[in-house]
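Visitor: I am new to this structure. Please show me how to read an annotated site, step by step.

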Amino acid sequence: MTTVLLLRHGRTTANAGGVLAGWTPGVQLDETGAGQVTAVAERLAPVPLAAVVSSPLERCRQTAAAVLPGRDLELVTDDRLGEARYGDWTGRPLKELVKEPLWKVVQQHPSAAVFPGPEGEGLAQTQARAVAAVREWNARLGPDAVWLACSHGDVIKAVLADALGLHLDQFQRIVVDPASISVVTYTDTRPFVVRMNDTGGDVAALIPPKKKGRRRRRTDSDAVVGGGAGATV
């Protein structure tokens, strides 16, 4: 089983100002975001990570870099984890965008939403590239790895929707706050969504248990009937 920790970047100046940052360069964490990132890095310190992979945008690189101290790892960037390409919406205030006809499509039928302009992409494209990135890194790192992907709200929501088996049109039901952790474990049969939008929970359950000889790996993909007893800490 490969486990990915999906970490959203901390709050930015654009978040606080109600602006859709998209791929705008130079958008960084604000004071609140810096505090959020420090806190989440402290929480994740005990969790052994096989890799830390980030969106190339500065706010994610700042967030991911905070997790690295004390680990023998280098930060790796992957464009496929980058923010949705909002095209001509980029840099505009949200209070203006809510008046656009496309806003209702994004809210009610996001799988059909394609952002305007030559740099715009569809949310379906965003989901496809992000899910492909996660699954490729899973394969690269191996079945026993726990790794971290630092990305953006809509991107993480799209990955979670895929893991939950939801149509993309349902992804607006998912909330992913700044500096939150969402956790998905991928098995041969299905993904298990272990956490969503966790902004303060204990992370001991994310530490892989010590191996005790051989075990029947074919049961790793099985859901526990009745719900089980929870993680053993």
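Guide: Start with contacts. This is a predicted model. Setting aside neighbours within four places in sequence, H9 touches N15, R59, C60, T63, C150, S151, H152, P178 and A179.

Visitor: Where does H9 sit in the chain?

Guide: Look for the elements on either side. H9 lies in the loop between strand 1 (2–8) and helix 1 (13–17).

Visitor: Is H9 buried or exposed?

Guide: Read the relative accessible area. Under 20% counts as buried. H9 has 2%, so it is buried.

Visitor: What marks H9 in the record?

Guide: UniProt, in an unreviewed entry, places the feature "active site" at H9 and E83. The two are spread over 75 residues of sequence, yet they cluster in space, with a largest C-alpha distance of 10.9 Å. Both H9 and E83 belong to the lining of the second largest pocket.

Visitor: Now E83. Where is it placed?

Guide: E83 is in the loop between strand 3 (75–77) and helix 4 (94–97).

Visitor: Is E83 buried or exposed?

Guide: Apply that cut-off again. E83 has a relative accessible area of 8%, so E83 is buried.

Visitor: Which residues does E83 contact, leaving aside neighbours within four places in sequence?

Guide: They are G22, W23, S55, L57, R59, E121, R129, H152, D154 and V155.

Visitor: Which side chain makes a polar contact with that of E83?

Guide: Check the side-chain atom pairs. The side chain of Y86 joins that of E83 in a polar contact of 3.4 Å.

Definitions and conventions:
Residues are numbered from 1 along each chain as its sequence is written. This is a predicted model: local features need pLDDT of at least 70, side-chain atom pairs count only at pLDDT 80 or more; totals for chains, interfaces and linings use all residues. Side-chain values use heavy atoms; hydrogens and water are left out. UniProt positions are given in the numbering used here, feature names are shortened, and annotations may be inferred rather than shown by experiment. On a 1 Å grid over the protein atoms alone, a cavity is a set of points where a 1.4 Å probe fits but cannot get out, and a pocket is an open set with protein on both sides within 12 Å along at least five of seven lines; lining residues have an atom within 4 Å of a point. Helices (H or I, at least four residues) and strands (E, at least two) are DSSP runs, numbered from the N terminus. Buried means under 20% relative accessible area, exposed over 50%, partly exposed in between (1.4 Å probe, protein chains only). Contact means heavy atoms within 4.5 Å. A polar contact is a pair of N or O atoms within 3.5 Å; within protein, one must be able to donate a hydrogen and the other to accept it, and residues adjacent in sequence count only if both atoms are side-chain atoms.
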